[in-house]
Each structure stands twice: as C-alpha cells, then as structure tokens.
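The briefing below describes selected features of the structure shown here, grouped by topic.

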Amino acid sequence: MTSILFRNVNVIDGSGKPPYSADVRVADGRIASIARLNESGSNGEGSASAMSEHGDDVIDCRGATLMPGLIEPHAHLSFVDQATPAAFSTLPVEEHLLLTLKHAKLYLDQGFTSCFSAAATKPRLDVVVRNAINRGEHPGPRLRAASVQFTVTGGVGDLRQMHLDPGEAMYTLPCDGPVEFRRAAREACREGVDVLKIVPSGDTSTPAVPSARTLMTDDEVAAVCEVARAHERVVAAHARSAESIKMCLRHGVDVLYHASYADSEALDLLEAHKDDVFIAPALSVTVTRLRDAGKFGLPSTDAMKRRIENDLQKTIDVMKALKTRGVRVLPGGDYGFMWNPHGANARDLGYFVELLGFTPMEAIVGATRLGGEIMGMGSELGQVREGYLADLLLVDGDPLSDLRILEDAQKLIAIMKGGTFHKRPAPHLSGV
Ligand SMILES: [Zn+2]
C-alpha cells in the first residue's frame with residue numbers, strides 16, 4: 001500500500017504544544033512518521049536523511065496547517081434543523097434515516113472526523129448509521145452511537161399529551177423508577193448503543209421543569225450506571241442543576257452536558273472527578289437562541305429570554321471555574337436546530353475564546369486531544385503523533401490566528417479519516 005507524505009506542513013498536533021514545521025507520512029491508516037524541519041526546510045539532520053519520497057504519494061503542502069480532525073462531543077445527528085423537538089418525533093423513520101446519514105456526511109465535510117453522540121431521536125438511528133459508516137457504506141465520522149434520551153414522566157422531552165397516542169412521543173423515552181430505567185438501558189445495550197443518555201435535570205426550553213430543577217432520583221441514575229458498567233458502555237447526562245451534577249458524579253456518569261448551576265460543592269466534586277468525567281457546556285445552542293433565533297420567533301417571551309440569559313451567564317461562570325480547576329471542558333454541542341444548524345459546529349471554538357477566556361490553542365486541544373479521550377480512544381485518536389490514527393485536516397491558513405477558518409469548509413484543503421482521503425487536495429498540490 002502506498003503511503004502518503006504531507007511535505008512541509010505546519011503541525012498543530014492537538015497536544016497544546018507549540019506548532020512546528022514537519023513532513024508527515026501516513027501509512028496503513030496511521031501516522032507512520034513525523035520528521036521535523038528546521039528553518040531552511042530540511043529535517044535538521046542533513047539533506048541525506050530527509051524523509052524519503054520513494055513509494056509515497058506526495059502532497060506539497062507549502063506550509064499549510066496539518067492538525068487532527070475535529071471531534072464533536074455532543075452530537076445529535078438525527079436532529080433535523082427544526083425550531084422545536086416535536087419535529088424529531090413526527091418525522092417517519094425512513095426520511096429520518098436519510099437525513100441522519102446526510103448529516104453524518106456533512107460533519108465529515110466540515111472536518112469533524114469523530115462524533116460522540118448525545119442522543120438519537122429514534123432508538124436505532126445512531127446505531128444503524130454508525131454501522132453503515134464502519135462498513136464503509138456511507139461517508140461519516142467515527143461515531144459513538146447513543147440511545148434516545150431516558151427522561152422521567154413530565155421531564156425534558158416528554159412530549160406526550162393525554163389525548164394522543166403515547167407512542168408518538170418517540171424522541172425521548174419516559175421512564176419512572178429504577179426498574180423502568182434499567183429496562184430501557186438494557187434494551188438500548190441490546191440494540192448496540194455505545195452511550196446511554198439520561199436527563200436528570202430540567203431545562204429552560206421546557207418551562208414546566210426549569211434548568212435548576214432535579215428530576216431523576218438517585219436510584220434511577222444508579223440503575224442506568226449499573227447497566228452501563230455491566231455492558232461496558234458509557235453514560236452521558238443532561239445535567240444543569242447542582243443536585244443532578246452531584247447525583248451523576250456519585251454514580252459514575254462519564255459525560256456531563258451543560259452543568260450550568262453547579263454550586264461550590266458540585267465544583268469541588270467535579271474537580272475531584274476531573275480524571276474520569278468530561279464536561280461539554282454546549283454554548284452555541286444557548287448563545288444562538290439569544291442572538292439568532294429571533295427570526296424564528298424565539299425566545300417567545302421576555303421572561304423566557306431572561307431565563308436563557310441567566311442559563312448562559314451561569315454556564316459561563318461555571319466553565320471558567322472548571323477550567324481553572326483543571327476539569328476537561330470540551331467545545332461543541334447541540335447543533336441541529338434551525339437557528340443552530342448542523343455543520344456550523346466549529347464556531348463553538350470561537351465561543352470558548354470569546355466567552356470563556358480560552359486561548360485558540362486551548363480551544364483546539366478541547367476539540368482534538370480531549371475529543372479523542374471522550375471517544376475512549378485517547379491513546380490513538382485526537383493528536384498528530386506517530387502511531388495515532390490518521391484523522392487529519394490540511395487547512396489553508398493558521399487557525400491559531402483566526403479560528404473562524406475552521407468553520408469554512410473551503411479552507412479545508414484535505415480531510416482524511418483513518419488514512420483515507422474524504423476530501424483530496426487539489427491536483428496541483430499532488431505528484432510533486
Ligand atoms: Zn443535547
């Protein structure tokens with residue numbers, strides 16, 4: 001098998017270390033070798049030892065940036081860019097599958113080579129799409145497939161109405177008591193999910209159950225975590241309230257989304273668990289509801305607007321505190337609404353800089369190295385490093401001086417997943 005040589009790249013390796021110039025060779029799906037260049041463009045050990053091009057497919061990169069593929073830690077590939085979640089339930093499964101596959105390809109087109117799913121909106125959508133991608137039948141990112149959300153009766157996503165067939169409320173699965181949560185979790189494991197998603201807190205989007213309210217009980221969270229451990233799966237939680245965060249940490253939930261109302265006790269617990277928990281605030285869905293959703297009639301009232309503003313400010317304060325405490329905080333999340341559409345995911349990196357005080361490098365580390373860790377593949381994914389999987393972006397420009405270029409697919413000269421090009425560089429860069 002021929003190897004591919006990226007000649008003369010500026011490497012942002014995802015570790016957080018400063019960028020460097022190098023030649024990078026990919027073979028058998030992985031990064032085979034990296035030869036650092038000195039200022040004159042040789043590898044510093046004399047031209048005789050410059051990286052051989054024999055048998056290589058050579059890409060003359062002329063100083064373009066080579067970096068790890070981006071990783072979305074809170075994907076909902078089966079969200080359908082509608083204004084409200086009701087659409088996720090009413091869409092027939094056939095059309096829904098086609099849209100989910102379309103979104104999978106879109107993420108890869110935008111440079112996202114991995115996605116950790118934060119819930120499907122029908123029970124098998126993620127699993128079927130993941131399997132099709134893994135078999136090479138459809139382009140898409142590496143995918144950790146999730147269950148639907150397990151919520152309590154009356155919780156976030158319980159769209160049932162007394163006078164309608166309860167089977168229509170498919171986008172979440174209401175469960176009450178540990179027996180029902182355990183059954184739901186086991187069924188999802190049987191169907192092949194990697195991630196079990198629970199909704200232990202409320203959310204501003206559902207006024208009857210505000211963000212700071214805790215809805216699931218200890219025994220319910222414990223039941224899902226027990227099943228996850230038995231089946232070697234992970235648990236992700238929509239956890240905005242302080243008590244829901246503590247409950248999740250007590251029982252071993254792996255991924256916490258939002259974490260907006262963490263109090264000092266919750267912050268201490270998060271810090272104590274910093275090596276075994278990931279946080280993704282999903283800033284964009286909240287920011288864009290305030291900045292962009294007006295044209296879709298949202299937020300619908302001034303009171304709702306104030307609640308969203310409060311959610312955002314609390315989330316910002318908590319994320320700054322968690323960063324200081326060394327907790328892993330990842331950009332991305334909850335794309336797939338009309339005002340926060342699929343494909344725009346890289347703008348979350350900009351929000352981390354603008355709102356949380358991250359440096360561009362810290363934001364990139366969150367979307368690459370930490371992304372590899374949340375995928376459960378930290379020893380082989382998320383960095384430009386010898387032996388790591390060749391999930392790579394070749395970028396026209398320097399994302400450290402302008403992160404927004406990562407939002408522009410035109411700036412992605414090449415996109416590679418597992419050593420295979422999803423997007424090839426233009427012919428004039430090859431065959432040199
Ligand atoms: Zn979500």
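In this predicted model, six strands form an open sheet with parallel pairing, in the order E10-E9-E11-E12-E13-E14. The edges are taken by strand E10 (172-174) and strand E14 (278-280), each of which pairs on one side only. On average, and with direction ignored, neighbouring strands of this sheet are turned by 25° against each other.

**Pairing and packing in the sheet**

- Strand E12 (residues 234-239) and strand E13 (residues 255-258) run parallel and are joined by four bridges, and for Ala239 the bridge partner in E13 is His258.
- Helix H4 (residues 177-191) packs on the sheet, where it touches strand E9 (146-151), E10 and strand E11 (195-198); the direction of H4 makes about 170° with that of E9.

**His96 in helix H2**

- His96 lies in helix H2, which spans residues 93-109, and because its relative accessibility is 0%, under the 20% cut-off, His96 counts as buried.
- Leaving aside residues up to four places away in sequence, His96 touches Ser78, Val80, Phe88 and Leu91, as well as Thr121, Lys122 and Leu125.

- Helix H10 (residues 347-356) is mostly covered, with seven of its 10 residues buried, namely Arg347, Asp348, Leu349, Tyr351, Phe352, Leu355 and Leu356.
- The elements that cover these buried residues of H10 include helix H8 (283-291), helix H9 (302-324) and helix H11 (360-367).
- Gly357, which follows H10, has a positive phi near 80°.

Notes. Residues are numbered from 1 along each chain as its sequence is written. This is a predicted model: local features need pLDDT of at least 70, side-chain atom pairs count only at pLDDT 80 or more; totals for chains, interfaces and linings use all residues. Side-chain values use heavy atoms; hydrogens and water are left out. Two strands pair if DSSP finds at least two bridges between them. Helices (H or I, at least four residues) and strands (E, at least two) are DSSP runs, numbered from the N terminus. Axes are lines fitted to C-alpha atoms, for helices over the stretch in contact, and angles run from 0 to 180 degrees between N-to-C directions. Contact means heavy atoms within 4.5 Å. Buried means under 20% relative accessible area, exposed over 50%, partly exposed in between (1.4 Å probe, protein chains only).
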